[in-house]
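Here's a quick tour of how this chain packs together.

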Amino acid sequence: MTPLAMPEVAVPIVNVEIIGGEEPAASTVQRMADEMGEVFNSGPGRTWIKVRRLSETGYAENGRPGVAGDYAPVFVDVARSGRSRNQCAEARALAAIVAVLLERDRRHVHIKYEDPLAGRIAFGGELEEG
């Protein structure tokens, strides 16, 4: 995967919430972190991901009972100090990684970018400046 941004100083933090299915293997989560690190162009230990699985009974959409089993959505939240220079391409790349590694339909992988963290997050008690 080709890096889409200049090297990041801050750590991209990615939360992945999987609806239904099986818990992914540790090797799958590591591969996801490695491939996302390439997209973010971050060095070793600079992209952090957390993966959680939510049972199908914990997800619903109005007027569509049982949709979790039909679509098996995945929600990906990305937080970091600043914004990507090419967020559209980055979102496509992240969705593709998640879809392939979790064997989900890319159309049901939803990426949400958080507001930049500069001035709002402290690593080891040290406030990250922008």
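Keep in mind that this is a predicted model. Let's start with two helices: α1 passes α3 in a right-handed crossing. Their axes lie 10 Å apart, at an angle of about 165 degrees, which means α1 runs roughly antiparallel to α3.

On the α1 side, the residues that meet α3 are Thr28, Arg31, Met32, Glu35, Met36, Val39 and Phe40. Their partners in α3 are Glu90, Ala93, Leu94, Ile97, Val98, Leu101 and Leu102. Sorted by class, this contact has 10 nonpolar, one polar and three charged residues.

What about the cores? Here are the two of them.

| Core | Residues in it | Including |
|---|---|---|
| Largest nonpolar core | 22 residues | Val16, Met32, Met36, Val74, Val76, Val98 |
| Second, separate core | five residues | Val11, Ala79, Leu117, Ile121 |

Two or more residues each come from β1 (13–19), α1, β2 (48–54), β3 (74–79) and α3. The top contributor is α3, with eight residues.

Valine 98 is worth a click: leaving aside neighbours within four places in sequence, valine 98 is in contact with Met32, Met36, Val74, Val76, Glu103 and Val109.

Now for histidine 108, which sits in the loop between α3 (87–102) and β4 (109–113). Is histidine 108 buried or exposed? Its relative accessible area is 17%, so histidine 108 counts as buried, the cut-off being under 20%. Beyond residues up to four places away in sequence, histidine 108 touches Tyr71, Ala72, Pro73 and Val74.

Definitions and conventions: Residues are numbered from 1 along each chain as its sequence is written. This is a predicted model: local features need pLDDT of at least 70, side-chain atom pairs count only at pLDDT 80 or more; totals for chains, interfaces and linings use all residues. Side-chain values use heavy atoms; hydrogens and water are left out. Helices (H or I, at least four residues) and strands (E, at least two) are DSSP runs, numbered from the N terminus. Buried means under 20% relative accessible area, exposed over 50%, partly exposed in between (1.4 Å probe, protein chains only). Contact means heavy atoms within 4.5 Å. Axes are lines fitted to C-alpha atoms, for helices over the stretch in contact, and angles run from 0 to 180 degrees between N-to-C directions. Angles under 35 degrees count as roughly parallel, over 145 as roughly antiparallel, 65 to 115 as roughly perpendicular and the rest as oblique. A crossing is left-handed if the near helix is turned anticlockwise from the far one by less than a right angle, and right-handed if clockwise. Ala, Val, Leu, Ile, Met, Phe, Trp, Tyr, Cys and Pro count as nonpolar, Asp, Glu, Lys and Arg as charged, and the others, Gly among them, as polar. A nonpolar core is a set of buried Ala, Val, Leu, Ile, Met, Phe, Trp, Tyr and Cys residues joined through side-chain atoms within 4.5 Å.
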